[in-house]
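Reader: Could you show me the model, and then let me ask about it piece by piece?

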Amino acid sequence: MSPSLSITANLSPDVRKDIGIQALSGITPISHLVEQHQVSRKFVYQQSDQAQQALDDWFTRS
C-alpha cells in the first residue's frame, strides 16, 4: 500500500468533507491542501467533485 493511500484511508469523513469544501471554494490552493493533508492532487479533486455533487443534489431536490 502506498503512503498516500494509507493516509487517505484513515481520514475521517469530516476531514474529507473539509478538503472538498476548501478545494471547491477556490480560496485555498490545491497544492496547499495536498501539502497540509499529505494526500494526492487526484484525491483532492475527487473530494471536490463529491462536494460539488452533494451541492448539486441538494439544490435540485424537489
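Predicted model: local features only at pLDDT ≥ 70, side-chain atom pairs only at ≥ 80, totals over all residues.

Reader: How many helices and strands does the protein have, and in what order do the elements run?

Author: The secondary structure comes to 4 helices and 0 strands, and from the N terminus on the elements run α-α-α-α.

Reader: And what does the C-alpha trace span, and what share of the residues is buried?

Author: Along its principal axes the C-alpha trace spans about 40 × 25 × 15 Å, and buried residues make up 26% of the 62 residues in the protein. The accessible surface comes to about 4,500 Å², with 56% of this area belonging to carbon and sulfur atoms.

Reader: Of the contacts between residues at least 6 apart in sequence, what share joins residues at least 24 apart?

Author: That share is 51% in this protein.

Reader: Let's go to H4. What should helix H4 span, going by its number of residues?

Author: Helix H4 takes in residues 41–59, and at 1.5 Å a residue its 19 residues should span 27 Å, which agrees with the 27 Å between its end C-alpha atoms.

Reader: Which residues of H4 are buried?

Author: They are Phe-43, Val-44, Gln-47, Ser-48 and Ala-51. Seen down the axis of H4, these buried residues fall within an arc of 140 degrees, so they line one face of the helix. On the other side of H4, Lys-42, Asp-49 and Gln-50 are exposed.

Reader: Where is Gln-46 found, then?

Author: Gln-46 is also a residue of helix H4, and because its relative accessibility is 37%, Gln-46 counts as partly exposed, a class that lies between the cut-offs of under 20% for buried and over 50% for exposed. The C-alpha atoms of Gln-46 and Glu-35 are separated by 16 Å, with the two residues 11 apart along the chain.

Reader: Switching to H2, which of its residues are buried?

Author: In H2 the buried residues are Ile-19, Gly-20, Gln-22 and Ala-23. They cover an arc of only 165 degrees around the axis, which puts them on the same side of H2, while Pro-13, Asp-14 and Lys-17 are exposed on the other side.

Reader: What do the buried residues of H2 pack against?

Author: The buried residues of H2 pack against helix H3 (30–37) and against H4. As for its dimensions, helix H2 (residues 13–25) has 13 residues and reaches 18 Å from its first C-alpha to its last, close to the 18 Å expected at 1.5 Å a residue.

Reader: What about Thr-8, buried or exposed?

Author: Thr-8, which lies in helix H1 (residues 3–9), counts as buried because its relative accessibility is 10%, and the cut-off for buried is under 20%.

Reader: Which residues is Thr-8 in contact with, leaving aside its neighbours within four places in sequence?

Author: With those neighbours left aside, Thr-8 is in contact with Arg-16, Val-39 and Phe-43.

Terms used:
Residues numbered from 1 in each chain as written. Heavy atoms only, no water. Helix = DSSP H or I, 4+ residues; strand = E, 2+ residues; numbered from the N terminus. Buried < 20%, exposed > 50% of the residue type's maximum accessible area, 1.4 Å probe, protein only. Contact = heavy atoms within 4.5 Å. Areas by Shrake-Rupley, 256 points an atom, 1.4 Å probe, with all protein chains shown as cover. Expected span 1.5 Å × (residues − 1). Arc of directions from axis to C-beta.
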